[in-house]
Amino acid sequence: MSIDWINFTPWASLAGGALIGLAASLFVLGNGRIAGISGLLGSVLEGGEGRGEKALFLLGLLLAPLLWGLFAALPVIEFHSSWLGLVLAGLLVGVGTRYGSGCTSGHGVCGISRLSPRSMVATLVFMAAGFATVYIIRHLLGA
Amino acid sequence: MRKLVAFLAGLLFGLGLLLAGMANPAKVLAFLDLAGVWDPSLALVMAGAIGVAAGPLTWARTRATSLLGAPMQLPVKRELDRRLIGGSLLFGIGWGIAGICPGPAVAILLTGHWQIIVFVLAMLAGMGLFHALESRRAS
(Lines give C-alpha, C1' and ligand atoms only; values in the text may rest on other atoms or scores of the structure.)
Protein backbone atom coordinates (compact mmCIF):
# COMPACT_ATOMS: atom_id res chain seq x y z
CA MET A 1 0.00 0.00 0.00
CA SER A 2 1.18 3.51 -0.78
CA ILE A 3 -0.54 6.68 0.34
CA ASP A 4 -1.81 9.15 -2.23
CA TRP A 5 -0.30 12.27 -0.58
CA ILE A 6 -1.23 14.48 -3.52
CA ASN A 7 -4.98 13.86 -3.31
CA PHE A 8 -5.20 13.25 0.45
CA THR A 9 -7.24 16.11 1.98
CA PRO A 10 -7.02 15.56 5.76
CA TRP A 11 -8.27 18.96 6.96
CA ALA A 12 -11.07 19.48 4.45
CA SER A 13 -12.27 15.91 5.01
CA LEU A 14 -12.14 16.23 8.79
CA ALA A 15 -13.99 19.58 8.64
CA GLY A 16 -16.54 18.24 6.14
CA GLY A 17 -17.04 15.23 8.39
CA ALA A 18 -17.62 17.53 11.36
CA LEU A 19 -20.33 19.38 9.37
CA ILE A 20 -21.97 16.04 8.58
CA GLY A 21 -21.84 15.17 12.28
CA LEU A 22 -23.35 18.55 13.14
CA ALA A 23 -26.17 18.00 10.63
CA ALA A 24 -26.90 14.54 12.10
CA SER A 25 -26.89 16.04 15.61
CA LEU A 26 -29.26 18.83 14.58
CA PHE A 27 -31.70 16.33 13.04
CA VAL A 28 -31.77 14.06 16.08
CA LEU A 29 -31.91 16.86 18.67
CA GLY A 30 -34.52 18.86 16.76
CA ASN A 31 -36.56 16.21 14.99
CA GLY A 32 -35.75 13.07 16.96
CA ARG A 33 -34.71 11.30 13.76
CA ILE A 34 -31.68 9.50 12.37
CA ALA A 35 -30.04 11.23 9.40
CA GLY A 36 -29.77 8.07 7.32
CA ILE A 37 -30.21 8.97 3.68
CA SER A 38 -31.32 5.57 2.35
CA GLY A 39 -33.93 5.27 5.13
CA LEU A 40 -35.22 8.79 4.46
CA LEU A 41 -35.44 8.13 0.72
CA GLY A 42 -37.18 4.80 1.28
CA SER A 43 -39.72 6.21 3.63
CA VAL A 44 -40.47 9.24 1.44
CA LEU A 45 -40.96 6.84 -1.51
CA GLU A 46 -43.16 4.47 0.48
CA GLY A 47 -45.12 7.20 2.20
CA GLY A 48 -44.16 6.47 5.80
CA GLU A 49 -44.87 8.78 8.75
CA GLY A 50 -43.09 12.12 8.98
CA ARG A 51 -42.85 12.31 5.23
CA GLY A 52 -42.85 16.13 5.18
CA GLU A 53 -39.86 16.56 7.49
CA LYS A 54 -37.94 13.79 5.78
CA ALA A 55 -38.59 15.27 2.34
CA LEU A 56 -37.40 18.67 3.60
CA PHE A 57 -34.13 17.15 4.85
CA LEU A 58 -33.64 15.57 1.41
CA LEU A 59 -34.53 18.87 -0.29
CA GLY A 60 -31.80 20.61 1.74
CA LEU A 61 -29.33 17.92 0.70
CA LEU A 62 -30.39 18.27 -2.94
CA LEU A 63 -29.98 22.06 -2.91
CA ALA A 64 -26.60 22.10 -1.13
CA PRO A 65 -24.52 22.29 -4.35
CA LEU A 66 -26.60 25.24 -5.56
CA LEU A 67 -25.88 27.16 -2.32
CA TRP A 68 -22.21 26.15 -2.53
CA GLY A 69 -22.11 27.34 -6.14
CA LEU A 70 -23.16 30.86 -5.10
CA PHE A 71 -19.92 31.30 -3.14
CA ALA A 72 -17.32 29.02 -4.68
CA ALA A 73 -16.66 26.76 -7.63
CA LEU A 74 -18.05 23.25 -7.13
CA PRO A 75 -15.45 20.58 -6.33
CA VAL A 76 -14.41 18.17 -9.06
CA ILE A 77 -16.91 15.36 -9.62
CA GLU A 78 -15.49 12.47 -11.62
CA PHE A 79 -17.03 9.11 -12.51
CA HIS A 80 -15.14 5.95 -13.43
CA SER A 81 -18.12 3.78 -14.41
CA SER A 82 -19.85 2.98 -17.68
CA TRP A 83 -23.62 3.40 -17.84
CA LEU A 84 -24.01 -0.33 -17.28
CA GLY A 85 -21.83 -0.13 -14.19
CA LEU A 86 -23.90 2.79 -12.90
CA VAL A 87 -27.17 0.91 -13.40
CA LEU A 88 -25.87 -2.20 -11.67
CA ALA A 89 -24.33 -0.17 -8.83
CA GLY A 90 -27.52 1.86 -8.36
CA LEU A 91 -29.72 -1.25 -8.19
CA LEU A 92 -27.40 -2.93 -5.67
CA VAL A 93 -27.19 0.21 -3.53
CA GLY A 94 -30.97 0.65 -3.62
CA VAL A 95 -31.89 -2.94 -2.76
CA GLY A 96 -28.96 -3.48 -0.38
CA THR A 97 -29.46 -0.38 1.76
CA ARG A 98 -33.17 -1.14 2.19
CA TYR A 99 -32.60 -4.78 3.18
CA GLY A 100 -29.67 -3.78 5.37
CA SER A 101 -31.67 -0.90 6.95
CA GLY A 102 -29.03 1.72 6.25
CA CYS A 103 -26.02 3.08 4.43
CA THR A 104 -22.88 5.08 5.12
CA SER A 105 -24.82 7.82 6.91
CA GLY A 106 -27.39 5.82 8.90
CA HIS A 107 -25.12 2.94 9.93
CA GLY A 108 -21.65 4.41 9.39
CA VAL A 109 -22.10 7.82 11.01
CA CYS A 110 -25.26 7.77 13.16
CA GLY A 111 -25.20 4.10 14.13
CA ILE A 112 -21.58 4.01 15.20
CA SER A 113 -22.11 7.32 17.04
CA ARG A 114 -24.81 5.75 19.18
CA LEU A 115 -22.76 2.55 19.60
CA SER A 116 -25.30 0.30 17.87
CA PRO A 117 -23.88 -3.23 17.40
CA ARG A 118 -26.07 -3.74 14.30
CA SER A 119 -24.63 -0.63 12.69
CA MET A 120 -21.06 -1.57 13.56
CA VAL A 121 -21.53 -4.98 11.92
CA ALA A 122 -23.26 -3.44 8.88
CA THR A 123 -20.46 -0.88 8.46
CA LEU A 124 -17.78 -3.58 8.65
CA VAL A 125 -19.65 -5.65 6.07
CA PHE A 126 -20.23 -2.90 3.50
CA MET A 127 -16.71 -1.50 3.93
CA ALA A 128 -15.19 -4.97 3.45
CA ALA A 129 -17.45 -5.59 0.42
CA GLY A 130 -16.44 -2.20 -1.03
CA PHE A 131 -12.72 -2.91 -0.58
CA ALA A 132 -13.09 -6.39 -2.08
CA THR A 133 -15.13 -5.15 -5.05
CA VAL A 134 -12.62 -2.44 -5.96
CA TYR A 135 -9.78 -4.96 -5.58
CA ILE A 136 -11.50 -7.39 -7.94
CA ILE A 137 -12.44 -4.76 -10.52
CA ARG A 138 -9.13 -2.88 -10.57
CA HIS A 139 -6.52 -5.49 -9.75
CA LEU A 140 -7.94 -8.84 -10.82
CA LEU A 141 -10.04 -7.79 -13.82
CA GLY A 142 -7.81 -4.81 -14.55
CA ALA A 143 -10.74 -2.57 -15.51
CA MET B 1 -39.75 25.11 13.32
CA ARG B 2 -39.09 21.37 12.98
CA LYS B 3 -39.54 21.67 9.23
CA LEU B 4 -36.96 24.45 9.09
CA VAL B 5 -34.50 22.44 11.21
CA ALA B 6 -34.95 19.42 8.93
CA PHE B 7 -34.24 21.53 5.85
CA LEU B 8 -31.18 23.19 7.42
CA ALA B 9 -29.83 19.86 8.63
CA GLY B 10 -30.10 18.47 5.09
CA LEU B 11 -28.41 21.54 3.65
CA LEU B 12 -25.57 21.32 6.18
CA PHE B 13 -25.19 17.60 5.50
CA GLY B 14 -24.78 18.31 1.78
CA LEU B 15 -22.28 21.13 2.33
CA GLY B 16 -20.29 18.78 4.58
CA LEU B 17 -20.21 16.09 1.88
CA LEU B 18 -19.01 18.61 -0.71
CA LEU B 19 -16.31 20.04 1.58
CA ALA B 20 -15.19 16.55 2.59
CA GLY B 21 -14.58 15.54 -1.02
CA MET B 22 -17.15 12.75 -0.74
CA ALA B 23 -19.27 14.17 -3.54
CA ASN B 24 -16.57 12.94 -5.91
CA PRO B 25 -17.02 9.22 -6.72
CA ALA B 26 -13.40 9.01 -7.95
CA LYS B 27 -12.18 10.06 -4.48
CA VAL B 28 -14.41 7.48 -2.75
CA LEU B 29 -13.03 4.77 -5.06
CA ALA B 30 -9.50 5.94 -4.25
CA PHE B 31 -10.31 5.25 -0.57
CA LEU B 32 -11.71 1.81 -1.37
CA ASP B 33 -8.63 0.91 -3.44
CA LEU B 34 -6.37 -0.32 -0.65
CA ALA B 35 -4.03 -2.08 -3.06
CA GLY B 36 -3.60 0.99 -5.27
CA VAL B 37 -2.38 4.48 -4.41
CA TRP B 38 -4.57 4.89 -1.34
CA ASP B 39 -6.40 8.12 -0.41
CA PRO B 40 -7.32 7.82 3.32
CA SER B 41 -9.56 10.95 3.30
CA LEU B 42 -12.85 9.06 3.82
CA ALA B 43 -11.58 7.67 7.13
CA LEU B 44 -11.15 11.25 8.37
CA VAL B 45 -14.67 12.16 7.21
CA MET B 46 -16.00 9.31 9.35
CA ALA B 47 -13.79 10.33 12.28
CA GLY B 48 -14.92 13.97 12.07
CA ALA B 49 -18.60 13.05 11.75
CA ILE B 50 -18.59 10.48 14.56
CA GLY B 51 -16.50 12.75 16.78
CA VAL B 52 -19.16 15.45 16.57
CA ALA B 53 -22.29 13.25 16.52
CA ALA B 54 -21.33 10.77 19.27
CA GLY B 55 -22.22 13.13 22.15
CA PRO B 56 -25.62 14.29 20.86
CA LEU B 57 -26.64 10.79 19.71
CA THR B 58 -25.67 9.22 23.02
CA TRP B 59 -27.64 11.89 24.84
CA ALA B 60 -30.59 11.33 22.49
CA ARG B 61 -30.80 7.72 23.69
CA THR B 62 -31.72 8.93 27.18
CA ARG B 63 -34.59 11.14 25.96
CA ALA B 64 -38.17 10.35 25.00
CA THR B 65 -38.65 13.55 22.99
CA SER B 66 -36.43 15.87 20.97
CA LEU B 67 -35.65 19.44 22.06
CA LEU B 68 -38.47 20.58 19.75
CA GLY B 69 -40.94 18.10 21.25
CA ALA B 70 -40.87 15.43 18.53
CA PRO B 71 -40.89 11.79 19.67
CA MET B 72 -37.33 10.40 19.72
CA GLN B 73 -37.29 7.72 17.03
CA LEU B 74 -34.13 5.69 17.30
CA PRO B 75 -33.90 2.18 15.83
CA VAL B 76 -34.75 -0.50 18.39
CA LYS B 77 -33.82 -3.67 16.51
CA ARG B 78 -30.96 -5.62 18.09
CA GLU B 79 -30.52 -8.87 16.18
CA LEU B 80 -27.75 -9.39 13.65
CA ASP B 81 -29.86 -11.14 11.03
CA ARG B 82 -29.40 -12.28 7.47
CA ARG B 83 -31.18 -9.22 6.10
CA LEU B 84 -28.72 -6.86 7.79
CA ILE B 85 -25.64 -8.77 6.64
CA GLY B 86 -26.89 -9.68 3.15
CA GLY B 87 -28.24 -6.19 2.48
CA SER B 88 -25.01 -4.53 3.64
CA LEU B 89 -23.03 -6.93 1.46
CA LEU B 90 -25.05 -6.00 -1.65
CA PHE B 91 -24.77 -2.32 -0.79
CA GLY B 92 -20.98 -2.60 -0.37
CA ILE B 93 -20.62 -4.29 -3.76
CA GLY B 94 -22.65 -1.54 -5.44
CA TRP B 95 -20.65 1.10 -3.58
CA GLY B 96 -17.41 -0.50 -4.77
CA ILE B 97 -18.56 -0.56 -8.40
CA ALA B 98 -19.35 3.15 -8.74
CA GLY B 99 -18.06 4.85 -5.58
CA ILE B 100 -21.50 6.35 -4.88
CA CYS B 101 -23.65 5.90 -1.76
CA PRO B 102 -27.11 7.42 -1.17
CA GLY B 103 -26.06 10.69 0.55
CA PRO B 104 -23.63 11.88 -2.12
CA ALA B 105 -26.01 10.59 -4.82
CA VAL B 106 -28.69 13.07 -3.70
CA ALA B 107 -26.14 15.81 -3.01
CA ILE B 108 -24.76 15.81 -6.56
CA LEU B 109 -27.98 15.06 -8.42
CA LEU B 110 -28.37 18.68 -9.57
CA THR B 111 -24.77 19.22 -10.69
CA GLY B 112 -25.52 18.35 -14.31
CA HIS B 113 -23.71 15.00 -14.73
CA TRP B 114 -25.72 12.39 -16.65
CA GLN B 115 -24.01 9.59 -14.70
CA ILE B 116 -25.61 10.56 -11.42
CA ILE B 117 -29.08 10.70 -12.97
CA VAL B 118 -28.64 7.13 -14.27
CA PHE B 119 -27.35 6.00 -10.86
CA VAL B 120 -30.17 7.63 -8.88
CA LEU B 121 -32.88 6.24 -11.19
CA ALA B 122 -31.41 2.74 -10.75
CA MET B 123 -31.11 3.23 -6.98
CA LEU B 124 -34.76 4.33 -6.70
CA ALA B 125 -35.74 1.33 -8.84
CA GLY B 126 -33.80 -0.89 -6.42
CA MET B 127 -35.65 0.64 -3.48
CA GLY B 128 -38.94 0.16 -5.32
CA LEU B 129 -38.04 -3.49 -5.97
CA PHE B 130 -37.40 -3.97 -2.23
CA HIS B 131 -40.77 -2.38 -1.43
CA ALA B 132 -42.58 -4.59 -3.96
CA LEU B 133 -40.93 -7.76 -2.61
CA GLU B 134 -41.74 -6.76 0.97
CA SER B 135 -45.39 -6.03 0.13
CA ARG B 136 -45.68 -9.41 -1.55
CA ARG B 137 -44.09 -11.14 1.43
CA ALA B 138 -46.54 -9.44 3.80
CA SER B 139 -49.62 -10.47 1.81
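Biologist: Looking at contacts in chain A between residues at least 6 apart in sequence, what share joins residues at least 24 apart?

Modeller: The share is 41%. Here two residues count as in contact if their C-beta atoms, placed from the backbone, lie within 7 Å. Before we go on, this is a predicted model: local features need pLDDT of at least 70, side-chain atom pairs count only at pLDDT 80 or more, and totals for chains, interfaces and linings use all residues. Residues are numbered from 1 along each chain as its sequence is written, while chains are lettered from A and ligands numbered from 1 in the order in which they are written.

Biologist: What is the predictor's confidence in chain A?

Modeller: pLDDT is that confidence, given for each residue from 0 to 100. The mean for chain A is 95, with 100% of its residues at 70 or more.

Biologist: Which elements make up chain A?

Modeller: Chain A has six helices and one strand, in the order β-α-α-α-α-α-α along the sequence. Helices (H or I, at least four residues) and strands (E, at least two) are DSSP runs, numbered from the N terminus.

Biologist: What makes β1(A) and β1(B) a pair?

Modeller: Strands pair if DSSP finds at least two bridges between them. Two bridges join β1 (residues 2–3) of chain A to β1(B), so the pair meets that rule, and the strands run parallel. Ile3(A) has Trp38(B) as its bridge partner.

Biologist: Why is Leu141(A) called exposed?

Modeller: Leu141(A) has 8 within 10 Å, so it is exposed. Leu141(A) sits in the segment after α6 (117–140) of chain A. By contrast, buried residues make up 56% of the 143 residues in chain A.

Biologist: What makes a set of residues a nonpolar core, and which residues have the most contacts inside the largest one?

Modeller: A nonpolar core consists of buried Ala, Val, Leu, Ile, Met, Phe, Trp, Tyr and Cys residues joined through C-beta atoms within 7 Å. The largest one has 88 residues, and those with the most contacts inside it are Ile20(A), Ala23(A), Ala24(A), Phe27(A), Ala9(B), Ala49(B) and Phe119(B). Helix α1 (residues 2–20) of chain B gives the most to this core, with 11 residues. Leaving out residues up to four places away in sequence, Ala24(A) touches Ala35(A), Val109(A), Cys110(A), Ala49(B) and Ala53(B).

Biologist: How many residues of chain B are in contact with chain A?

Modeller: There are 109, in contact with 105 residues of chain A. α1(B) gives the most to that side of chain B, with 18 residues. By class, the side has 73 nonpolar, 27 polar and nine charged residues. Ala, Val, Leu, Ile, Met, Phe, Trp, Tyr, Cys and Pro count as nonpolar, Asp, Glu, Lys and Arg as charged, and the others, Gly among them, as polar.

Biologist: Which residues of chain A does UniProt list as "transmembrane region"?

Modeller: The unreviewed UniProt entry lists several spans, including residues 12–34 and 121–141 of chain A. Its positions are given in the numbering used here, feature names are shortened, and annotations may be inferred rather than shown by experiment. In the model, residues 12–34 of chain A are 87% helix and 0% strand, with end C-alpha atoms 24 Å apart. Residues 121–141 of chain A are 95% helix and 0% strand, with ends 28 Å apart, C-alpha to C-alpha.

Conventions:
A residue is buried if 20 or more other C-beta atoms lie within 10 Å of its own, exposed if 12 or fewer, and partly exposed in between; C-beta atoms are placed from the backbone.
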